[in-house]
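Keep the sequence and the 3D view open as you read.

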Amino acid sequence: MAEAGGGEEYLFKIVVIGDSAVGKSNLLSRFARDEFDHNSKATIGVEFQTQVVDLDAHCDTTVARMLVGNKCDLENIREVSVDEGKGLAEEEGLFFIETSALDSTNVNKAFEIVIREIYDKVS
Ligand code: GDP
């Protein structure tokens, strides 16, 4: 798609997968609108997201995958260490990043990395 300024414009789809209450909605709203909703859903326990779903079977070569550990602001009640997260990501060949939709840590960066990766694959 051509842009008014002469550059190219791309539309990428990003699917955020994870257990209920890990913060998927808030990651998206933080990225898209810079908003956080404390009441979006009751948190069931406290979770550090490490869910990896059998995505390979359905993806083509232009898919970029990233393991996101959200709620990194809850450092004092962390359940999964950074090394564990990194290790799992390495095993699965994924990018790894920790984010906080609450205080915005790395939210833009996470999306930018994944968008850049998709862009590099399609261009
Ligand atoms: P989803 O079910 O994965 O979409 O999770 P939500 O985005 O609805 O968030 C579930 C709960 O976790 C809500 O109470 C949010 O306010 C809270 N939450 C989401 N992201 C964060 C975060 O980065 N840090 C903290 N402390 N809480 C978060």
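The points below go from the overall build to single residues.

This is a predicted model. The protein has three helices and two strands. Read from the N terminus, the elements follow the order α-β-α-β-α. Of its 123 residues, 20% count as buried.

**Overall build**
- Start with how the chain folds back on itself: among contacts between residues at least 6 apart in sequence, 61% join residues at least 24 apart.
- Helix H1 covers residues 24-33, strand E1 covers 66-69, helix H2 covers 82-92 and helix H3 covers 107-122.

**The nonpolar core**
- In soluble globular proteins, nonpolar side chains tend to be buried together.
- Here the largest nonpolar core has nine residues. They are Leu27, Leu67, Val68, Ala89, Ile97, Ala101, Val107, Ala110 and Phe111.
- E1 and H3 each supply at least two residues of this core.
- H3 gives the most, with three residues.
- Leu27 is also worth a look for its contacts. Setting aside neighbours within four places in sequence, leucine 27 touches Val16, Asn70, Thr99, Ala101 and Val107.

- Which residues of H1 are buried? They are Lys24, Asn26, Leu27 and Arg30.
- The cover over these buried residues includes H3.
- Two packed helices are described by the angle between their axes and the distance between the axes.
- For H1 and H3, the axes come within 9 Å and cross at roughly 85 degrees.
- Angles of 65 to 115 degrees count as roughly perpendicular, and H1 and H3 are therefore roughly perpendicular to each other.
- On the H1 side of the contact are Leu27, Arg30 and Phe31. They meet Val107, Asn108 and Phe111 in H3.
- By class, the residues of this contact are four nonpolar, one polar and one charged.

**Residues with a positive phi**
- Most residues other than glycine have a negative phi. The next three residues go the other way.
- Alanine 21 has a phi near 75 degrees, a positive value in a residue other than glycine. Its place is in the segment before H1.
- Is alanine 21 buried or partly exposed? Buried would take 20 or more other C-beta atoms within 10 Å. Alanine 21 has 18, so this residue is partly exposed.
- Lysine 71 is not a glycine, yet its phi is positive, at about 70 degrees. This residue lies in the loop between E1 and H2.
- Lysine 71 has 25 other C-beta atoms within 10 Å, so it counts as buried.

- Valine 80 is found in the loop between E1 and H2.
- What does its neighbour count say? Valine 80 has 14 C-beta neighbours inside 10 Å, so it counts as partly exposed.
- Glycine 69 is eleven residues from valine 80 along the chain. The C-alpha atoms of the two are separated by 8.8 Å.

How values were computed. Residues numbered from 1 in each chain as written. Predicted model: local features only at pLDDT ≥ 70, side-chain atom pairs only at ≥ 80, totals over all residues. Core = buried A, V, L, I, M, F, W, Y, C linked by C-beta atoms within 7 Å. Buried ≥ 20, exposed ≤ 12 C-beta atoms within 10 Å, placed from the backbone. Helix = DSSP H or I, 4+ residues; strand = E, 2+ residues; numbered from the N terminus. Contact = placed C-beta atoms within 7 Å. Axes fitted to C-alpha atoms, helices over the stretch in contact; angles between N-to-C directions. Parallel < 35°, antiparallel > 145°, perpendicular 65-115°, else oblique. Nonpolar A, V, L, I, M, F, W, Y, C, P; charged D, E, K, R; others polar.
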